[in-house]
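Q: I have a structure open and would like to go through it with you, one piece after another. Could we begin once it is on the screen?

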Amino acid sequence: MSPAIRVAPVEDIAEGEGLKVDRSVTGTADHIAVLRDDDGEFYALDDTCTHEEASLAEGWIENGQVECPLHAARFCLRTGAALCLPATRHIRRHQVEVRDGEIWLLPDMAPVP
Amino acid sequence: MPSDPAARSEPEPRRSRATVTRRGALHRPAGLEPGIDVGGLVDTEAGLVDRAIFTDERIYRQELRRVFAPSWLFLAHEDQFAKPGDFFTTYMGEDPVIVTRDRTNTIRAFLNSCRHRGARVCRADFGTTRNFTCTYHGWSYDLAGKLVSVPNRDGYPGDFETGQWGLVEVPGIDSYHGLIFGTWNSEAPPLRTALGEMTWYMDAMLDRDPEGTVVVGGIHKWVLEGNWKLAAEQFATDWYHVNMSHASALQLLAPKAKGPKTEIVHRTGRQYVDPRGHGAGFPVHPKNRFDAQTVHDWYDYGALRERLGDARVEGPLTNGHATVFPNFSYLPVNGSIRVWHPKGPDRMEVWAWTVLDRSMPPEVKEAQRLYNLRTFGPSGIFEQDDGENWSEVQSISRGFITNRVPLNYQMGIGSERDDGRYPGMTSELYSDAAGRAFYARWKELMTTPAWHEEQP
Ligand code: FES
Ligand SMILES: [Fe+2]
């Protein structure tokens with residue numbers, strides 16, 4: 001685990017919205033999408049869809065899932081599992097925490113398999 | 001419909017370059033789009049029209065090229081686009097278009113046809129999106145029309161550039177008091193110039209309220225057998241049919257169902273005749289009003305007189321009909337605005353919005369919405385009569401002999417004048433003057449090569 005990164009105050013990401021954190025900040029292979037479910041919970045996944053080049057931070061977030069804005073692949077926010085075609089590969093997930101009204105990201109730095 | 005105050009600023013007039021589409025060695029052979037000389041089918045001096053203009057497929061194809069492609073066409077009301085990504089799909093002539101607000105809050109419109117194999121990239125009527133992804137092979141375009149994703153991109157040759165394969169953009173976008181218009185002709189005169197003095201008449205509906213107008217309810221769409229011009233022409237020029245065609249509706253709406261008062265039957269009024277093909281007619285008796293009592297009671301007529309002047313309050317604000325050439329019409333007092341989408345020479349689709357003053361309280365809006373629905377909704381008591389007439393005329397127009405017998409547009413020949421009260425040239429309430437002007441403009445466009453015909 002790398003050191004935690006402070007992302008933004010909680011109110012900066014509305015329910016159902018996402019924020020892309022650039023890989024120059026996270027130090028990970030891909031950018032990271034911090035995603036807020038419609039129940040208010042925060043999750044973080046690699047930003048680029050495993051199907052084609054598309055940003056999941058721009059996706060549709062609801063009901064524990066994010067849907068890619070381009071070709072409608074869906075991923076589980078909790079596990080990163082690909083839930084439907086056209087995605088077939090799961091997406092890497094990262095830890096995210098809320099401390100004192102701030103969102104903190106703990107990127108998974110394990111090498112890409 | 002959303003009504004976020006942040007979105008209320010009028011869209012900036014927008015002129016973008018016509019999208020360059022790669023043609024390679026393609027060229028269209030001469031004769032693929034023949035120009036038919038239709039000059040002999042309309043005689044506006046004598047007030048005669050040949051019925052072929054309502055039935056001939058070749059003339060219809062030429063209308064798409066020379067009437068619809070160059071003209072400013074109504075697209076949508078700005079109230080339909082509260083935030084970036086809100087979109088609405090409609091047609092310009094028979095060309096499908098997407099109207100949307102992009103990420104910089106600019107209203108733009110694009111041809112709704114994928115640059116790959118031509119499917120529509122948006123198949124919803126309206127909604128909110130972040131991209132337009134074609135459901136055929138998955139090419140995706142962003143809200144600015146840029147091609148942003150191509151599955152199996154590596155399979156394309158090295159000189160394939162996504163920058164050259166964005167959606168074709170409608171180069172001219174402008175709005176008038178909330179009504180958004182677009183044109184394919186990047187050289188078209190500005191919208192205000194194209195509307196001319198018609199704006200004075202339009203303001204009787206669009207500028208009553210300093211807050212502007214809003215769309216209430218959904219957009220009604222229905223199909224009618226009938227050439228689009230039958231409807232457009234009628235809304236420009238025809239109060240004449242009202243007492244006959246709508247007799248039963250008038251009877252129903254009159255107090256105690258006794259039938260309308262004599263003054264109402266024999267009303268006086270004016271008809272605006274615009275050389276650009278627009279037209280509007282209205283009674284000039286201040287008591288001639290057809291609207292819901294709740295709405296009538298709510299209006300402060302003193303304030304309206306101050307804002308719009310006596311001539312408008314006693315004219316187009318009492319009632320009336322209007323067409324903005326070629327295929328946008330409205331009823332100023334009902335709050336009905338509609339487009340007559342052409343669907344071949346024999347068919348049209350009517351798309352109708354209810355547009356009301358923004359500062360009306362909810363109960364007044366509701367009264368007006370219901371009033372409009374009862375009278376000019378798809379099953380409205382007036383709308384039904386009009387549709388029946390157009391379909392009736394169309395259904396027999398292909399008879400060989402029938403088609404050759406000219407139609408009469410002679411009422412009020414020579415009656416057009418500047419009456420000193422109403423801007424531009426006006427004729428009598430009962431007159432074919434605006435109809436003759438409509439067909440004169442139609443003939444002018446139909447006999448003039450459009451800008452796209454001058455290109456190689
Ligand atoms: S037709 Fe649109 S992607 Fe092929
Ligand atoms: Fe009518």
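Q: How many residues of helix α3 of chain B are buried?
A: Keeping in mind that this is a predicted model, helix α3 of chain B, which runs over residues 198-206, is mostly covered, with 9 of its 9 residues buried.

Q: Is B:Asp207 buried or exposed?
A: B:Asp207 has a relative accessible area of 18%, and because the cut-off for buried is under 20%, this residue counts as buried. B:Arg307, on the other hand, counts as partly exposed, at 36% relative accessibility.

Q: Let's move to helix α12 of chain B; how many residues has it, and what is its reach?
A: Helix α12 of chain B (residues 383-396) has 14 residues and reaches 21 Å from its first C-alpha to its last, which is close to the 20 Å expected at 1.5 Å a residue.

Q: Which of its residues are buried?
A: In α12(B) the buried ones are B:Glu383, B:Asp385, B:Asp386, B:Gly387, B:Trp390 and B:Gln394.

Q: What does B:Glu383 meet in a salt bridge?
A: The side chain of B:Glu383 meets that of B:Arg338, at 2.6 Å from N to O. This pair too links distant parts of the chain, with B:Arg338 in strand β19 (residues 336-342) and B:Glu383 in helix α12, 45 residues apart. B:Arg338 is buried at 0% relative accessibility, and B:Glu383 is buried as well, with a relative accessible area of 3%.

Q: Why can such side chains pair at all?
A: Side chains of opposite charge can pair when their charged atoms come close.

Q: How many salt bridges are there over all chains?
A: A search of the whole structure finds 29 salt bridges. One of the pairs is B:Glu444 with B:Arg441, whose closest N and O atoms are 3.3 Å apart. Both of these residues lie in helix α14 of chain B, 3 residues apart, or about one turn of the helix. Elsewhere, salt bridges that share partners join B:Arg14, B:Asp102, B:Arg108 and B:Glu169 into one network.

Q: Switching topic, how many residues does each chain bring to the contact between chain A and chain B?
A: The contact takes 9 residues from chain A and 13 residues from chain B. Between them the two chains bury about 850 Å², with 43% of that on carbon and sulfur atoms.

Q: How many salt bridges cross the interface?
A: The rule finds 2 salt bridges across the interface of chain A and chain B, and B:Arg103 and A:Glu58 have side chains that meet in a salt bridge at 2.9 Å, N to O. By class, the side of chain A that touches chain B has 3 nonpolar, 2 polar and 4 charged residues.

Q: Last one: what is B:Asn131 in contact with?
A: Leaving aside its neighbours within four places in sequence, B:Asn131 is in contact with A:Pro69 and A:Leu70, and also with B:Tyr141, B:Asp142 and B:Val148. B:Asn131 lies in strand β9 of chain B and counts as buried, at 11% relative accessibility.

Technical notes. Residues are numbered from 1 along each chain as its sequence is written. Chains are lettered from A and ligands numbered from 1 in the order in which they are written. This is a predicted model: local features need pLDDT of at least 70, side-chain atom pairs count only at pLDDT 80 or more; totals for chains, interfaces and linings use all residues. Side-chain values use heavy atoms; hydrogens and water are left out. Buried means under 20% relative accessible area, exposed over 50%, partly exposed in between (1.4 Å probe, protein chains only). Helices (H or I, at least four residues) and strands (E, at least two) are DSSP runs, numbered from the N terminus. Contact means heavy atoms within 4.5 Å. Buried area is the accessible area (1.4 Å probe) that two parts lose on being put together, summed over both. A salt bridge is a side-chain nitrogen of Lys or Arg within 4 Å of a carboxyl oxygen of Asp or Glu. Ala, Val, Leu, Ile, Met, Phe, Trp, Tyr, Cys and Pro count as nonpolar, Asp, Glu, Lys and Arg as charged, and the others, Gly among them, as polar. The expected span of a helix is 1.5 Å times one less than its number of residues.
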